[in-house]
Amino acid sequence: MFKSTKKQIAIILLALITLLVTMSTVLANTYIGSAKSDKFHYPSCRYVRQIYDENKIYFGSRDEALNSGYIPCKVCRP
């Protein structure tokens, strides 16, 4: 019974670590663009909600987005 509990705790910890790594990766990217447009946005912009997850492109900096050919959104003005 003790080994089963340790195994369950290990699985939960692994899941939490995976979640934290994923969240930190997403939070490190401060701008979001769409593969279907030439605009980039702050993550809080209302237009980001309209971008399908499979079309989202994450940029770590404003310069990275600009150098990739994207232009700032006229609403959130990143």
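Guide: The sulfur of C73 has its closest cysteine sulfur in C76, at 3.9 Å, which is too far for a bond. A disulfide is counted here when two cysteine sulfur atoms lie within 2.5 Å. This is a predicted model, in which local features need pLDDT of at least 70 and side-chain atom pairs count only at pLDDT 80 or more, whereas totals for chains, interfaces and linings use all residues. Residues are numbered from 1 along each chain as its sequence is written, and side-chain values use heavy atoms, with hydrogens and water left out.

C45 also has its closest cysteine sulfur in C76, at 3.8 Å, and this too is too far for a bond. The structure accordingly holds zero disulfides. C73 counts as buried because its relative accessibility is 5%; buried means under 20% relative accessible area, exposed over 50%, and partly exposed in between, with a 1.4 Å probe and protein chains only. C45 is likewise buried, at 4%.

The aromatic rings come next. Rings of Phe, Tyr and Trp (its six-membered ring) pair if their centres lie within 6.5 Å; planes under 30 degrees apart are stacked, over 60 edge-to-face, and the rest tilted. By this rule there are three aromatic pairs. One of them joins Y31 and F40 edge-to-face, with 5.6 Å from centre to centre and 85 degrees between the planes. Y31 has a relative accessible area of 11% and is therefore buried, and F40 is buried at 0%. Together with Y42, the rings of Y31 and F40 form one aromatic cluster.

Contact means heavy atoms within 4.5 Å. I57 lies in strand β3, residues 56–59; strands are DSSP runs of E, at least two residues, and are numbered from the N terminus. With 28% relative accessibility, I57 counts as partly exposed.

S34 belongs to strand β1, residues 31–34, and is buried at 8% relative accessibility. The C-alpha atoms of I57 and S34 are separated by 5.7 Å, although the two residues are 23 residues apart along the chain. With the same exclusion of residues up to four places away, S34 touches K39, I51, N55, I57 and Y70. The side chain of S34 also reaches the backbone nitrogen of K36, at 3.0 Å.

Technical notes: Helices (H or I, at least four residues) and strands (E, at least two) are DSSP runs, numbered from the N terminus. A polar contact is a pair of N or O atoms within 3.5 Å; within protein, one must be able to donate a hydrogen and the other to accept it, and residues adjacent in sequence count only if both atoms are side-chain atoms.
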